[in-house]
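Happy to walk through this one with you. Have a look at the model first, and then we can go through it question by question.

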Amino acid sequence: ARTAAVIPAAGRGIRLGPGAPKALRALSGTPMLVHAVRAMAASRAVSLVVVVAPPEGAAEVRSLLDEFPLGERTEVLVVPGGATRQESVRLGLAALPDDVTAVLVHDAARPLVPVDTVDAVAAAVRDGAPAVVPALPLADTVKQVEPREDGPEPVVATPDRALLRAVQTPQGFDRATLQEAHDKTVFDGEGATDDAGMVERLGVEVVVVPGHEEAFKVTRPLDLVLAEAVLARRRA
Ligand code: CTP
Ligand code: MG
């Protein structure tokens with residue numbers, strides 16, 4: 001019985017703007033992906049990390065990770081990813097050895113997640129939860145709208161903010177449960193952006209543990225400013 005981390009890192013990073021694939025962009029001189037791999041390897045629960053690389057970039061990612069060694073305790077595999085996040089996670093799961101019984105799925109785009117958050121998710125899975133997500137309450141009020149391309153969008157509903165949570169990664173799973181979710185879920189277009197949502201569709205209970213503000217996702221250019229500031233604060 002072992003816990004592995006699967007890191008989907010195959011996205012282009014369109015919302016971040018032109019440049020290298022998002023996971024390979026530097027944060028204070030070190031590729032985002034390397035920060036993310038280190039964050040997973042820092043957890044004593046994790047003994048294997050599977051990095052899902054941009055489809056044409058697996059060899060480049062392999063040599064990059066070899067430049068930033070992690071120590072003896074953590075094995076790192078690199079596999080090529082797919083056209084959607086869901087497909088990339090599926091390809092990562094397919095690379096897991098038989099003795100892996102629990103899986104943490106972690107976005108390369110959340111490079112600064114603290115080890116305590118990783119440990120809390122892994123512990124909840126080890127204690128028997130089939131699916132665990134770290135999440136935070138929302139700062140903004142959320143409106144559901146009727147989407148429109150051409151003008152103001154009518155508001156349809158305002159969900160009670162106190163009942164909402166913004167979910168992060170790593171999301172932790174019993175391996176068989178996550179595999180079943182990926183085997184049974186068929187999505188069009190973008191695919192699922194959240195593994196736990198696929199498990200919910202199986203009718204399996206998903207639980208929330210506290211997330212962390214430093215587990216934010218680097219999505220837009222301003223997020224790079226925040227990430228650099230967090231790293232500067234850690235060095236101080
Ligand atoms: N991801 C992936 N394979 C894809 C698409 C996304 O492995 N085909 C990964 C990204 O590399 C990222 C995580 O899923 O670590 C979360 O996705 P997101 O933040 O949306 O990253 P991108 O898809 O790269 O960004 P964008 O949507 O702005 O293009
Ligand atoms: Mg995306």
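Q: Before we start, how are residues, chains and ligands labelled, and what pLDDT do local features need?
A: Residues are numbered from 1 along each chain as its sequence is written, while chains are lettered from A and ligands numbered from 1 in the order in which they are written. This is a predicted model, in which totals for chains, interfaces and linings use all residues, side-chain atom pairs count only at pLDDT 80 or more, and local features need pLDDT of at least 70.

Q: At what angle do the axes of helix H3 and helix H5 cross?
A: Helices (H or I, at least four residues) and strands (E, at least two) are DSSP runs, numbered from the N terminus. Axes are lines fitted to C-alpha atoms, for helices over the stretch in contact, with angles from 0 to 180 degrees between N-to-C directions. The axes of H3 (residues 85–94) and H5 (residues 175–184) come within 11 Å, and they cross at roughly 135 degrees.

Q: Which word describes H3 relative to H5?
A: Angles under 35 degrees count as roughly parallel, over 145 as roughly antiparallel, 65 to 115 as roughly perpendicular and the rest as oblique. With a crossing at roughly 135 degrees, H3 is therefore oblique to H5.

Q: Which residues of H5 make the contact with H3?
A: Two residues are in contact if their C-beta atoms, placed from the backbone, lie within 7 Å. H3 contributes Val-89, Arg-90 and Leu-93. From H5 come Leu-178, Gln-179 and His-182.

Q: How many residues of each class does the contact of H3 with H5 have?
A: Ala, Val, Leu, Ile, Met, Phe, Trp, Tyr, Cys and Pro count as nonpolar, Asp, Glu, Lys and Arg as charged, and the others, Gly among them, as polar. By class, the contact of H3 with H5 has three nonpolar, two polar and one charged residues.

Q: Is Leu-178 buried or exposed?
A: Leu-178 sits in helix H5, and leaving aside neighbours within four places in sequence, Leu-178 is in contact with Leu-93, Val-103, Phe-173, Asp-195 and Val-199. A residue is buried if 20 or more other C-beta atoms lie within 10 Å of its own, exposed if 12 or fewer, and partly exposed in between, with C-beta atoms placed from the backbone. Leu-178 has 27 other C-beta atoms within 10 Å, so Leu-178 is buried.

Q: Which residues are the closest to ligand 1?
A: A residue counts here if its C-beta atom, placed from the backbone, lies within 6 Å of the molecule. The shell around ligand 1 divides into nine nonpolar, seven polar and six charged residues. Of the 22 residues that surround ligand 1, the closest are Pro-8, Gly-11, Ile-14, Arg-15 and Ser-88.

Q: What is omega for the cis peptide bond of Thr-169 and Pro-170?
A: Most peptide bonds are trans. Pro-170 lies in the loop between strand S10 (165–167) and strand S11 (171–174). The bond joining Thr-169 and Pro-170 is cis, with omega about 10 degrees.

Q: Why does Ser-28 count as exposed?
A: Ser-28 lies in the loop between strand S2 (26–27) and strand S3 (30–31), and its phi is positive, near 45 degrees. Ser-28 counts as exposed because its C-beta neighbours inside 10 Å number 12.

Q: Which residues does His-212 touch, not counting residues up to four places away in sequence?
A: His-212 is in the loop between strand S12 (207–210) and helix H7 (221–235). With 17 C-beta neighbours inside 10 Å, His-212 counts as partly exposed. Its contacts are Val-113, Pro-114 and Thr-117.
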